[in-house]
Amino acid sequence: MALLYTDAEEAERTREMSKPIPNLGNSKNTIEILNKYKFVFQKRYGQNFLIDEHVLGKIIRSADITEQDFVVEIGPGIGTLTQYLAAAAREVAAIEIDDALIPILEDTLSGYENVTVIHEDVLKVDLRKLAQEKNGGKPIKVVANLPYYITTPIIMGLFENQVPVDSITIMVQKEVADRMKTGPGSKDYGALSLAVQYYARPELVANVPPNCFMPRPRVGSAVIRLTRHEKPPVEVRNETLMFRIIRASFNQRRKTLVNGLGNAPELRIPKEQTTTVLEEMGLPAGIRGEALELSQFAELANRLEEQMEKTLE
Ligand code: SAM
């Protein structure tokens with residue numbers, strides 16, 4: 001039976017079929033490319049390249065990339081994960097800081113017409129504008145084996161700058177993945193846990209041992225998927241105030257919440273005020289911030305804001 005395609009579908013099919021098969025997900029081909037360009041690893045850029053096809057496949061599957069997706073990759077390295085993303089997505093923008101990797105990427109991604117390499121520090125790229133230009137402002141998918149030294153600013157930047165994001169699937173240090181998922185009572189619980197859980201639903205995809213990278217990192221890694229909430233799970237009248245309270249609570253972890261909020265320069269909330277609110281919430285005056293869960297931080301912020309408004313009246 002003959003299959004009939006429109007001209008546009010036929011063109012797309014031909015383009016799909018002509019995409020090269022990813023070939024960098026192993027140590028042999030990675031070493032070959034690194035030697036060809038006499039590449040020197042830059043420790044300051046957190047360079048640990050993936051050399052495991054199984055892990056790469058898992059990242060792509062859990063990120064749920066389809067031919068409709070526009071994907072942003074942060075730190076493509078020599079283009080290993082990028083090849084997989086390009087094979088699965090409609091379009092990929094890969095942001096790389098290291099000058100030495102740009103000619104390598106031109107080589108390894110030469111067969112993929114749907115990839116744009118942006119030679120820039122990701123923290124300086126306006127991702128909101130990029131999503132607007134390349135995806136009509138619709139939610140994008142972010143996928144990356146992140147440079148570990150700037151994991152937190154990258155994630156917080158994506159959330160706080162209101163980049164339209166559908167999901168973020170990232171390789172991070174195992175300990176950071178644990179911090180994102182945990183709640184009160186764990187030593188890993190902190191401002192990052194609360195911010196991530198306010199904006200997204202974190203799911204651990206896989207633990208990844210050091211031998212899946214070149215060079216091997218000293219610690220274990222994990223792939224985590226953060227699926228953005230359509231609406232945050234708690235209602236907060238003033239997000240900035242809530243996050244200031246959260247930061248102040250964990251900056252002075254060993255202090256009571258009352259002292260922490262009283263000492264923080266950006267808050268300076270009178271101790272009596274916090275004590276009254278805690279009492280209204282049925283919490284002990286000597287409680288530490290690390291004992292509160294997200295819904296309690298939201299309630300605390302809402303009640304403190306109400307009090308501040310009353311004081312101003
Ligand atoms: N994606 C590649 C892979 O999985 O093999 C490389 C991942 S490696 C952990 C991190 C990459 O991020 C490196 O290529 C590094 O040069 C790049 N990088 C580091 N800091 C960056 C920044 N501020 N902006 C953009 N890229 C950065």
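**Note on the predicted model and its ligand site**

1. Around the ligand there are 23 residues, and those that come nearest are Gln47, Leu50, Gly75, Glu96 and Tyr149; a residue is near a molecule if one of its heavy atoms lies within 4 Å of it. This is a predicted model, in which local features need pLDDT of at least 70, side-chain atom pairs count only at pLDDT 80 or more, and totals for chains, interfaces and linings use all residues. Residues are numbered from 1 along each chain as its sequence is written, and side-chain values use heavy atoms, with hydrogens and water left out.

2. Which atoms of the protein lie by the nitrogen and oxygen atoms of the ligand? A polar side-chain atom of tyrosine 149 is 2.8 Å from a ligand nitrogen. A polar backbone atom of valine 122 lies 2.9 Å from a nitrogen atom of the ligand, and a polar backbone atom of glycine 77 lies 3.2 Å from a ligand oxygen. The cut-off for a polar contact is a pair of N or O atoms within 3.5 Å; within protein, one must be able to donate a hydrogen and the other to accept it, and residues adjacent in sequence count only if both atoms are side-chain atoms. On its own the ligand has 590 Å² of accessible area, of which the protein covers 99%. Such areas come from the Shrake-Rupley method with a 1.4 Å probe, and for residues only the protein chains shown count as cover.

3. The ligand sits in the largest cavity. A cavity is a set of points, on a 1 Å grid over the protein atoms alone, where a 1.4 Å probe fits but cannot get out; a molecule sits in it if more than half of its atoms lie within 2 Å of its grid points. Strand S1 (49-50) and strand S3 (91-96) are the elements that give two or more residues to the shell around the ligand. Helices (H or I, at least four residues) and strands (E, at least two) are DSSP runs, numbered from the N terminus. By type, the shell has 12 nonpolar, 6 polar and 5 charged residues. Here Ala, Val, Leu, Ile, Met, Phe, Trp, Tyr, Cys and Pro count as nonpolar, Asp, Glu, Lys and Arg as charged, and the others, Gly among them, as polar.

4. On the overall fold, the protein has 13 helices and 9 strands. Its C-alpha trace spans about 75 × 45 × 35 Å along the principal axes. Of its 313 residues, 50% count as buried; buried means under 20% relative accessible area, exposed over 50%, and partly exposed in between (1.4 Å probe, protein chains only).

5. Why is helix H9 (residues 191-199) described as largely enclosed by the rest of the structure? The reason is that 8 of its 9 residues are buried. Those buried residues are Leu192, Ser193, Leu194, Ala195, Val196, Gln197, Tyr198 and Tyr199.

6. Isoleucine 154 belongs to helix H7 (residues 151-160) and is buried, with a relative accessible area of 5%. The C-alpha atoms of isoleucine 154 and isoleucine 74 are 9.1 Å apart in space, although the two residues are 80 apart in sequence. Alanine 298, in helix H13 (residues 294-312), counts as buried at 3% relative accessibility. From C-alpha to C-alpha, alanine 298 and arginine 237 are 8.4 Å apart, with 61 residues of separation in sequence.

7. Leucine 146 is in the loop between strand S5 (140-145) and H7, and its relative accessible area of 3% makes it buried. Threonine 227 lies in strand S9 and also counts as buried, at 15% relative accessibility. Its side chain makes a polar contact of 3.0 Å with the side chain of arginine 225.

8. Some backbone geometry deserves a look. Most residues other than glycine have a negative phi, and most peptide bonds are trans. Glutamine 162 has a positive phi of about 55° and is placed in the loop between H7 and strand S6 (165-173). Arginine 268 has a positive phi near 50°; this residue is in the loop between helix H11 (257-263) and helix H12 (271-280). Is arginine 268 buried or exposed? At 53% relative accessibility, arginine 268 counts as exposed.

9. The peptide bond joining methionine 214 and proline 215 is cis, with omega about -15°. Proline 215 is placed in the loop between strand S8 (213-214) and strand S9 (221-228).

Methods. On a 1 Å grid over the protein atoms alone, a cavity is a set of points where a 1.4 Å probe fits but cannot get out, and a pocket is an open set with protein on both sides within 12 Å along at least five of seven lines; lining residues have an atom within 4 Å of a point.
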